[in-house]
Amino acid sequence: MSVTNTSGRRKTAVARIYLKEGNGTITVNGKDHKVYFPTLPLQYIVNQSFEVSELVGQYDVTVNVAGGGVKGQAEAVRLAIAKAIVELDAEKKSALRAKGLMTRDMRMVERKKPGRKKARKKFQFSKR
């Protein structure tokens, strides 16, 4: 039984996953994924790669995720699972790509510039 190891990133979240054949349990940082991602939309994001590739309940996933927020972490896990599925079966790639699950979302928070309140917001100007 081989273990497939991949990683996924979103914003500042980084997920490293270990995928092996099993009964469909997903463990995130030592907890069940339903405890770590308590809301249904986040759980759907995590399972989306399996649903699109029609492999629900066939693989066990162990995830180490760090950085970012909860949604960014869920999307990083989704990307990592999609990459692992493609590594096992290259024919699934077209279905995953059609749903946008193979693309790394490169958007990041813009940095704050000096002399400004935030990245783009300027201080209030008053001509008195």
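Trainee: How does the lining of the largest pocket divide by class?
Mentor: In this predicted model, the lining of the largest pocket has five nonpolar, five polar and three charged residues.

Trainee: And how much space lies in that pocket?
Mentor: The largest pocket holds about 160 Å³ of space. It is lined by 13 residues, of which Gly24, Ile26, Asn47, Val56 and Gly57 are the closest to its centre.

Trainee: Which elements give two or more residues to the lining?
Mentor: Those elements are helix H1 (33–36) and helix H2 (40–52). H2 supplies the largest share of the lining, three residues.

Trainee: Turning to the largest nonpolar core, which residues touch the most other members?
Mentor: Among its 28 residues, these are Ile17, Phe50, Val61, Val63 and Ile81. Strand E2 (13–21), strand E3 (26–28), H2, strand E5 (59–66) and helix H3 (70–88) each give two or more residues to this core. Its largest share, nine residues, comes from H3.

Trainee: Take Val63, then. What is it in contact with, leaving aside neighbours within four places in sequence?
Mentor: Val63 is in contact with Ala15, Arg16, Ile17, Ile26, Thr27, Val28, Asn29 and Val77.

Trainee: Back to H3. How far does it reach from its first C-alpha to its last?
Mentor: H3, with 19 residues, reaches 27 Å, close to the 27 Å expected at 1.5 Å a residue.

Trainee: Why is H3 described as largely enclosed by the rest of the structure?
Mentor: Because 14 of its 19 residues are buried, that is, under 20% relative accessible area. In soluble globular proteins, nonpolar side chains tend to be buried together.

How values were computed. Residues are numbered from 1 along each chain as its sequence is written. This is a predicted model: local features need pLDDT of at least 70, side-chain atom pairs count only at pLDDT 80 or more; totals for chains, interfaces and linings use all residues. Side-chain values use heavy atoms; hydrogens and water are left out. On a 1 Å grid over the protein atoms alone, a cavity is a set of points where a 1.4 Å probe fits but cannot get out, and a pocket is an open set with protein on both sides within 12 Å along at least five of seven lines; lining residues have an atom within 4 Å of a point. Grid points are joined across faces, edges and corners, and a volume is the space filled by probe spheres set on the points. Helices (H or I, at least four residues) and strands (E, at least two) are DSSP runs, numbered from the N terminus. Ala, Val, Leu, Ile, Met, Phe, Trp, Tyr, Cys and Pro count as nonpolar, Asp, Glu, Lys and Arg as charged, and the others, Gly among them, as polar. A nonpolar core is a set of buried Ala, Val, Leu, Ile, Met, Phe, Trp, Tyr and Cys residues joined through side-chain atoms within 4.5 Å. Buried means under 20% relative accessible area, exposed over 50%, partly exposed in between (1.4 Å probe, protein chains only). Contact means heavy atoms within 4.5 Å. The expected span of a helix is 1.5 Å times one less than its number of residues.
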